[in-house]
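Have the structure open while you read, and tell me where you disagree.

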Amino acid sequence: MRSTFIGLGCVAFFLAFVAYTNMTTSADSLSSPLVARANFAARPCVATFAEAAERKPIRQRFEGRVVGDGMVRSRTVRVERLVRHPKYHKRMRLSKNYVVDDPLEQSEVGDIVEIASMKPMSKKKTFEITEIVRKVKK
């Protein structure tokens with residue numbers, strides 16, 4: 001008998017809650033996410049093959065200094081960036097080395113070059129030199 005009273009109390013609370021939410025929210029605000037979701041599903045999300053062929057591929061571009069030229073038709077470029085420390089807010093200089101393709105072997109150690117991503121040529125070589133920004137003085 002005691003569990004019956006608890007069950008009836010839960011049902012009464014649920015009905016009161018439903019009545020309260022119907023009073024505070026209108027029918028338009030409840031249906032708007034469903035309408036927006038339906039409009040989202042109606043839009044085409046996949047481009048055609050012709051559109052994909054027209055688009056240029058997204059290429060990462062960095063500027064860095066050549067630090068190594070010991071390989072044939074390849075260079076090692078160090079790209080530096082400044083980031084703010086999350087706690088102390090001091091700017092830190094972080095660097096990363098990239099193995100880049102230099103088919104004409106025009107760059108030397110110390111040159112400032114611009115590199116861009118490309119289709120991978122090997123395990124580590126996924127960038128190529130697009131421009132020599134500044135040559136090193138001899």
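This is a predicted model: local features need pLDDT of at least 70, side-chain atom pairs count only at pLDDT 80 or more; totals for chains, interfaces and linings use all residues.

1. Start with the core. The largest nonpolar core has nine residues, namely Val66, Val77, Val79, Tyr98, Val100, Val113, Ile115, Phe127 and Ile129. Strand 2, strand 3, strand 4 and strand 5 are the elements that give two or more residues to this core.

2. Val113 sits in strand 4 and has 0% relative accessibility, so it counts as buried. Leaving aside residues up to four places away in sequence, Val113 touches Phe62, Glu63, Gly64, Val66, Val77, Ser107, Ile129, Glu131, Ile132 and Val133. There is also a C-alpha distance to check here: Val113 and Arg134 are 21 residues apart along the chain, with 7.0 Å between their C-alpha atoms.

3. Val79 is another core member to look at.

4. On to the rings. How many aromatic pairs does a search of the whole structure find? The search gives three. One of them joins Phe62 and Phe127, a tilted pair at 5.9 Å centre to centre with 45 degrees between the planes. Phe62 belongs to strand 1 and Phe127 to strand 5, so this pair ties together parts that are 65 residues apart in sequence. The two partners fall in separate accessibility classes: Phe62 is partly exposed at 26%, whereas Phe127 is buried at 5%. Ring pairs also link Phe62, Tyr98 and Phe127 into a cluster, and both Tyr98 and Phe127 are in the core list.

5. Now the salt bridges. The count comes to seven; I'll go through a few. Glu128 bridges to Arg59, with the closest N and O atoms 2.7 Å apart. That pair links distant parts of the chain, 69 residues apart: Glu128 is in strand 5 (residues 125–134), and Arg59 is in the loop between helix 3 (49–54) and strand 1. Both ends are partly exposed, with Glu128 at 25% relative accessibility and Arg59 at 32%.

6. Next, Arg61 and Glu114 form a salt bridge in which the closest N and O atoms are 3.2 Å apart. Arg61 is in strand 1 and Glu114 in strand 4, so the bridge ties together parts that are 53 residues apart in sequence. Arg61 is partly exposed at 47% relative accessibility.

7. Glu80 and Arg93 form another, with the closest N and O atoms 3.5 Å apart. The cut-off for a salt bridge is 4 Å, so the pair at 3.5 Å is counted. Glu80 is in strand 2 and Arg93 in strand 3, so parts 13 residues apart in sequence are tied together. Are the two ends buried, partly exposed or exposed? Glu80 is partly exposed at 44%, and Arg93 is exposed at 58%.

8. Two backbone spots deserve a look. Most residues other than glycine have a negative phi. Arg73 has a positive phi of about 60 degrees although it is not a glycine. Arg73 lies in the loop between strand 1 (61–68) and strand 2 (74–84) and is partly exposed at 47% relative accessibility. Glu105 is the other one here: phi is positive, about 55 degrees, and this residue is not a glycine either. Glu105 is in the loop between strand 3 (91–101) and strand 4 (112–117), partly exposed at 40%.

9. Where is Ile58 found? Ile58 is in the loop between helix 3 and strand 1. With a relative accessible area of 85%, Ile58 counts as exposed. Ile58 and Met118 are 60 residues apart in sequence, and their C-alpha atoms are 9.5 Å apart in space.

Definitions and conventions: Residues are numbered from 1 along each chain as its sequence is written. Side-chain values use heavy atoms; hydrogens and water are left out. Helices (H or I, at least four residues) and strands (E, at least two) are DSSP runs, numbered from the N terminus. Buried means under 20% relative accessible area, exposed over 50%, partly exposed in between (1.4 Å probe, protein chains only). A salt bridge is a side-chain nitrogen of Lys or Arg within 4 Å of a carboxyl oxygen of Asp or Glu. A nonpolar core is a set of buried Ala, Val, Leu, Ile, Met, Phe, Trp, Tyr and Cys residues joined through side-chain atoms within 4.5 Å. Rings of Phe, Tyr and Trp (its six-membered ring) pair if their centres lie within 6.5 Å; planes under 30 degrees apart count as stacked, over 60 as edge-to-face and the rest as tilted. Contact means heavy atoms within 4.5 Å.
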